[in-house]
Amino acid sequence: MHGLSSLSSWLSKNRWLFFAFGAVAFILILIMPLIPFPQKNLWVRVLGYAGLYILLGLGLLIHVGLTGMLDLGFAAYYGIGAYTYALLASDHFGIHLPFWLMLIVGGLVAALVGVLVCIPVLRLRGDYLAIVTLGFGEITRLLFLNLKGFTNGSQGVIGIDKPDLFGMIFKTGTHFYYLILLLIIVFVFLTSRLVKSRTGRAWLAIREDEDVAELSGVNTTTYKLLAFAAGAFIGGLGGVVFAAWQGSIFPDNFNLMASINVLCLIILGGLGNLYGVVIGALALIALPDMLRGFSDFRMLIFGIMLIVMMIVKPNGFLPRIPPRLERQKPEQEREGK
Amino acid sequence: MPPELKTFIEQLLNGITVGSLYALIALGYTMVYGVLSMVNFAHGDIFMVGAYVGSFTLARFADNGMLQTSPALAVIVTFIAGAFGAALTGVTVERLAYRPLSKASRLATLISAIGASITLQELVRLTPKLGQAVLSIHFGTFNLFPADFVNWGSKMLKDFGGSAARTYPALLGSGGFTIAGIFIPYVRLLIVGLSLLIMVGLYLLVQHTKMGKAMRAVSEDKDTASLMGVNVNQVIRTTFFIGSALAGIAGVMVGFLYLQIRVDMGFVPGIKAFTSAVLGGIGSIPGAVLGGYLLGLAEVLGIQVLPSVYKDVVAFAILILTLIFMPNGLVGGKKRLMKL
């Protein structure tokens, strides 16, 4: 684990190597679904699924990793996005709105719910916030389950529309692989810009110490609401993609275990590191999915790993972001003197 | 007596029974919160372990045919076994998952607690599988365990854990007595009576023993208590032991009441007991009892108005509303572990 962080610091010193390595990896990821190899469809599906979790991880990272608000109900936003798309683009109500519009609408609906959840819990911190969000997540799932006239209860919503791009229908895992890859690139870029902006600095300040942040003039209310909305937006968008890919959704897709899975992957990758999310998702979702015989012990290993991780390496495999930003300012000031 | 009133009173009795269970589990949450200021997320799963140890014990009684000949003994031994099984689990969880993190952030402790919760559930679920793997360890043709032991072991392992639900024998039967036309089953009477007895015992322990005094001191101020010569780690261990034992007893009660236990049975009662603890004022023992009974009754009253599938939604809504509007609960603040 120490090796990984020293590797990443060595890579950041030799930037050309970092870019070369990155370029090769990117090309491999890009052409992966096109080259034939054994069990390709399974790999594409598993990596697409891991990609979906990377997307969700980015959303939760804004809540937990950047702003320091432990959210145990993240699956609720994911589910709200998924149900928004499923209800408005399937035979369930006979409404068929286009996927690309719903991608934004699903995100916005989830963001709105995120803000509505956040307003009453603004005063709560730490474990209290965690339990309230957990309660909210469970209420959402129970509503999906019990509002039978609206969501069809445990039967779920089936026959959800596939996305359509200028007449090309997204059907196979490869199509969704590319869709998810595109969304990951967009949101990694947006989030990394956001982290370096005034908003990102405000979030990090709240994470480090909310009282100090407030005393330093950070409007904690606004920035916490913004963090909740941004994270929930990404979650909702992920839900829309999930619903479109699966073609059918059920309330149990959005249970507490889904929230905890997302939490696990950002903790494993490093709480507060964008690239850690990628490593965490690949480790947690892709690896056990490939090792079928091993899958029975997957949750046991998760559980033990969470404890060991917290004891041995509470900050995850990769360091918190943005180390450069945190160190840069004082050095520049010293040079100025 | 009009039938509506009769149904209503029966529902109230139901609420009191469930409230007793919530109160027993809530006591564990509140005591741990009192001494460690942390939410023991794995408490619901400790409750589940208690139920499984109880079911294992009952299976041993069934082996000897003693379930029919001496049911009272079986019930008593099952309660004791469930309590000790849960207590040992609680102390182990504290030692392995929480104590190494005593200096870490609250976030780290909470995540570790989530990990402990998952680990306990999965360990119980996988016990037959893991145990079978251990029993079949062999080096070439040499088996680590003799064949007799392997046979015996795999038979024992079948009675503990697994993915499928396990059943409790209906020892307490469907018997009961009738007062003014209202039927009171013995099993509910036992649950309410035993819970009250335990709560009184806990109160006496906390108020009138040296260990109780030490617990109160630690919950007031850990560092000062340590300077006054209180062995803080031992107090924490004892608190986990007692709190988990109560959860284990509640687990066995649930087994006898609903006759079926599952590996994931701890989650919903765990959250509801936590709600009770928060409603009463987390950290306060009388608060946990009050909160438990109030929540039990609120659920029963809630489903008079709403469809019964919304029972859990009522509980979660109470939790969220309490945390938002009354975070100190009914009885009082975080540091009032043992004050009335």
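# A guided tour of chains A and B

With 17 C-beta neighbours inside 10 Å, Ser37(B) falls in the partly exposed class, because that class lies between the limit of 12 or fewer for exposed and that of 20 or more for buried. The tour starts at this residue, in a model that is predicted.

**First stop: Ser37(B).** Select Ser37(B) and display its backbone. The residue sits in the loop between helix 1 and helix 2 (43–63) of chain B. Most residues other than glycine have a negative phi.

**Second stop: helix 1 and helix 7 of chain B.** Next, select residues 3–36 of chain B, which form helix 1, together with residues 186–208 of chain B, which form helix 7. These two helices pack at an angle of about 35°, and their axes are 9 Å apart. Their crossing is left-handed. To see the contact itself, show the side chains on both helices. Helix 1 of chain B contributes Leu13(B), Ile16(B), Thr17(B), Ser20(B), Leu21(B), Ala23(B), Leu24(B) and Leu27(B). From helix 7 of chain B come Arg188(B), Ile191(B), Val192(B), Ser195(B), Ile198(B) and Leu202(B). Coloured by class, the residues of this contact divide into ten nonpolar, three polar and one charged.

Now select strand 4 (residues 176–179) and strand 5 (residues 182–185) of chain B. The two strands run antiparallel and are joined by four bridges. Within this pairing, Thr178(B) stands opposite Phe183(B) of strand 5. Strands 4 and 5 of chain B form a hairpin with two residues between them. In the turn, Ala180(B) has a positive phi of about 50°.

The C-alpha atoms of chain B fill a box of roughly 65 × 60 × 35 Å along the principal axes. A compact globule of 340 residues would have a radius of gyration near 20 Å, and the 21 Å of chain B agrees with this. Of the 340 residues in chain B, 48% are buried. Among contacts in chain B with a separation of 6 or more, 78% are between residues 24 or more positions apart.

Switch to chain A, which has 15 helices and four strands. Buried residues make up 46% of its 337 residues. Of the contacts in chain A between residues at least 6 apart in sequence, 80% join residues at least 24 apart. Then select Asn152(A), in the loop between helix 7 (148–151) and strand 3 (164–165) of chain A. The phi of Asn152(A) is near 70°, a positive value in a residue other than glycine. Is Asn152(A) exposed or only partly exposed? With 18 C-beta neighbours inside 10 Å, Asn152(A) counts as partly exposed.

**Last stop: where the chains meet.** Finally, show both chains together. Here 29 residues of chain A are in contact with 32 residues of chain B. On the chain A side, the elements that give two or more residues are helix 5 (99–121), helix 6 (126–146), helix 12 (256–269) and helix 14 (298–312). Which element of chain A gives the largest share of this side? Helix 6 of chain A does, with twelve residues. By class, the side of chain A that touches chain B has 23 nonpolar, four polar and two charged residues.

Conventions
Residues are numbered from 1 along each chain as its sequence is written. Chains are lettered from A and ligands numbered from 1 in the order in which they are written. Two residues are in contact if their C-beta atoms, placed from the backbone, lie within 7 Å. Ala, Val, Leu, Ile, Met, Phe, Trp, Tyr, Cys and Pro count as nonpolar, Asp, Glu, Lys and Arg as charged, and the others, Gly among them, as polar. Axes are lines fitted to C-alpha atoms, for helices over the stretch in contact, and angles run from 0 to 180 degrees between N-to-C directions. A crossing is left-handed if the near helix is turned anticlockwise from the far one by less than a right angle, and right-handed if clockwise. Two strands pair if DSSP finds at least two bridges between them. The radius of gyration is taken over C-alpha atoms; the globule rule is 2.2 Å times the number of residues to the power 0.38.
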